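Hi,

Here is the structure I promised to pass on.

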Amino acid sequence: MDVTYFFEELWKQYCLKTPSAERIKSLLEKEGDTVFNDHIAIRTFDDLRIDINVLAKPFISMGYKEISDYHFETKKLYAKHYEHPQNPTAPKIFISQLLVKKFSDQLQQTVQHLLDNLDSSVFDQEDLILRGRVWDTPLYKTYLALQNESEYAAWMYVHGFCSNHFTVDVNKLEKFNSLSSVNEFLKSKGFIMNSSGGEIKGSPSLFLEQSSILADIIAVEFQEGIKNSTSCYYEFSYRYKQENGELFTGFIANSANKIFESTDMRLQANYNSSDLKSPTKI
């Protein structure tokens, strides 16, 4: 697989769902900055046909190595992160999966039904991460039922395989020397930050600070008609040097736990119908 094409396509598809990301990147560039990507996040279910190990395959073939794993007990998630040892400028990859068996029989059956009704060849595609929602047009009533148990499951049901977020590497920005200055700039431009757990998650003592805007709300085509749903969001990270003088490259589970909520519909109270993008078929 062509590495340049793969990452460009991930960004292209991400921007179609997340117009705010492209706007923010453009705003930062107008300030005279070059935007570098710290990491890309991807979501999935823990079914062996599409779990973390399956979605990590194209990255492994590019030379990425597994670095660490993370547990999210409250949200019933598990994740791994990958880095490219020969190319430290390559974005880190963060892949999480929903632990489906920890949820109700109804949620388990919904996920099982989605996957069992797919041709098995779908799971063997090297570019599965670029395929988006590989199952049929979603039912809104199913979306709401999933949302009642897990916002993550509902999001996966609507969006399928894609980048959940890209992340601005704030360390490499020249105009801004802190995460708080980036946040203030974004708010001055009308963007709404994820304030769950505070606008800045993490601290210098943990060697990582993170923030994110709330996911864009877009209009999605369900079988019952066009309805509102969250899409993806843009994240921002600032990393600190450890005792050995090297920048911390990992993630903080408690911080990521709150970052996940950037796609939660319950955090979208400040939005109204005028914020909706044009109906999007995904």
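The lining of the largest pocket is made up of 13 nonpolar, five polar and two charged residues (Ala, Val, Leu, Ile, Met, Phe, Trp, Tyr, Cys and Pro count as nonpolar, Asp, Glu, Lys and Arg as charged, the others, Gly among them, as polar). Bear in mind that this is a predicted model, where local features need pLDDT of at least 70, side-chain atom pairs count only at pLDDT 80 or more, and totals for chains, interfaces and linings use all residues. Residues are numbered from 1 along each chain as its sequence is written, and side-chain values use heavy atoms, with hydrogens and water left out.

A pocket here is an open set of points on a 1 Å grid over the protein atoms alone, with protein on both sides within 12 Å along at least five of seven lines; a cavity is a set where a 1.4 Å probe fits but cannot get out, and lining residues have an atom within 4 Å of a point. Points are joined across faces, edges and corners, and a volume is the space filled by probe spheres set on them.

The largest pocket holds about 420 Å³. Its lining has 20 residues, with F7, N37, I40, P91 and F166 closest to the centre.

The second largest pocket has about 330 Å³. P88, T89, K92, K172 and T249 are the closest to its centre among 18 lining residues, and that lining splits into six nonpolar, six polar and six charged.

Cheers
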